[in-house]
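These are my notebook entries on a single protein chain. I set down what I looked up, in the order in which I looked.

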Amino acid sequence: MEKAAELGHNVTGAQMSPEDTKSLLQAVEKYPPDIKGDASRLALARTEMRKESGPVGSVPIPGSVKGVLKSGFDKMLGKQPELLVDKLGERLAYERTGVRLYEAALAKFEGTATDDKELIPTLRRIRDDEAAHMKIVKEAIETLGADPTAMTPCADVAGVMAQGIMQVLTDPRTNVSQALNALLTLELTDNAAWELLVDLTSKAGHPKIAASFEKALAEEERHVSTIKALLQQQLAAQA
């Protein structure tokens with residue numbers, strides 16, 4: 001079994017070279033940075049950049065007659081159908097990415113020596129669940145008359161957020177424990193997002209969609225406890 005952490009020739013800490021650290025601190029005092037103003041200038045620059053850049057994207061206008069009628073009716077009732085479509089697009093993108101992340105994890109674990117014989121089958125089951133959840137969200141988007149292939153703003157952001165997890169899983173240097181920790185981050189975010197989506201669809205007046213999402217939420221809750229248990233087992237075996 002791979003160790004979660006090993007002692008080695010790590011010289012990144014300041015304690016490894018106290019004399020050099022002392023010299024650096026003295027240099028900072030002797031040659032302070034030439035900064036005019038304070039952090040408020042940076043905040044102002046960020047505000048200006050935000051004004052110039054605009055939003056990440058937009059929710060597309062429904063491309064079907066059903067979608068146009070549904071959105072128009074919801075607008076008349078004072079609802080915001082574009083918000084729901086945006087969050088559904090986010091969940092669809094995240095579940096699709098989740099399948100790819102578990103594929104990456106399986107590729108790593110299948111080539112790694114581990115004493116846990118249930119690790120690979122368990123991750124395959126979770127991967128299949130993520131694929132099923134993706135289909136559920138796709139069908140919900142189509143029920144609302146929206147386009148499940150559209151990249152909504154929140155879907156775009158979700159893809160960017162998942163890049164760090166993908167980098168951990170595909171890095172050949174990371175071990176089983178580190179990969180499971182990345183998957184735990186994935187599942188904790190996924191679980192919270194499903195809770196919000198169940199609440200959002202219920203308040204938007206879509207009880208059937210909300211009911212299907214509650215089933216997915218129950219499975220996501222099991223994913224969190226399962227990945228957490230796998231990580232605990234890996235760490236306990238090395239403690």
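This is a predicted model: local features need pLDDT of at least 70, side-chain atom pairs count only at pLDDT 80 or more; totals for chains, interfaces and linings use all residues.

I began with the second largest pocket, which holds about 170 Å³ of space. A pocket is here an open set of points on a 1 Å grid over the protein atoms alone, where a 1.4 Å probe fits, with protein on both sides within 12 Å along at least five of seven lines; lining residues have an atom within 4 Å of a point. The volume is the space filled by probe spheres set on the points, which are joined across faces, edges and corners. I noted the lining as K87, E90, R91, Y94, A158, M161, T189, A192, A193, L196, L197 and L200. Helices α4, α6 and α8 each give two or more residues to this lining, and α8 provides the largest share, with 6 residues.

Residues are numbered from 1 along each chain as its sequence is written, and side-chain values use heavy atoms, with hydrogens and water left out.

Of the 239 residues, 35% count as buried, where buried means under 20% relative accessible area, exposed over 50%, and partly exposed in between, with a 1.4 Å probe and protein chains only. Among contacts (heavy atoms within 4.5 Å) between residues at least 6 apart in sequence, 80% join residues at least 24 apart.

I counted 10 salt bridges, each a side-chain nitrogen of Lys or Arg within 4 Å of a carboxyl oxygen of Asp or Glu. R91 pairs with E90, the closest N and O atoms being 3.7 Å apart, and with E95, at 3.5 Å. R91 and E95 both lie in α4, 4 residues apart, about one turn of the helix. An α-helix has 3.6 residues a turn, so residues three or four places apart point the same way. R91 and E90 are both buried, and E95 is buried as well. I also recorded a network of salt bridges that links K87, E90, R91, E95 and D190.

Which side chain does K203 meet in a salt bridge? The partner is D199, at 3.3 Å from N to O. Both residues lie in α8 (residues 176-203), 4 residues apart. K203 is exposed because its relative accessible area is 64%, whereas D199, at 38%, is partly exposed.

I turned to α6 (residues 153-161), which contains M161. P153, C154, A155 and A158 are the residues I noted as buried in this helix, and their cover includes α4 (81-109).

Where does I61 lie? I found I61 in the loop between α2 (39-53) and α3 (65-76). I61 has 76% relative accessibility and therefore counts as exposed. Its C-alpha atom is separated by 8.1 Å from that of A146, 85 residues apart along the chain.
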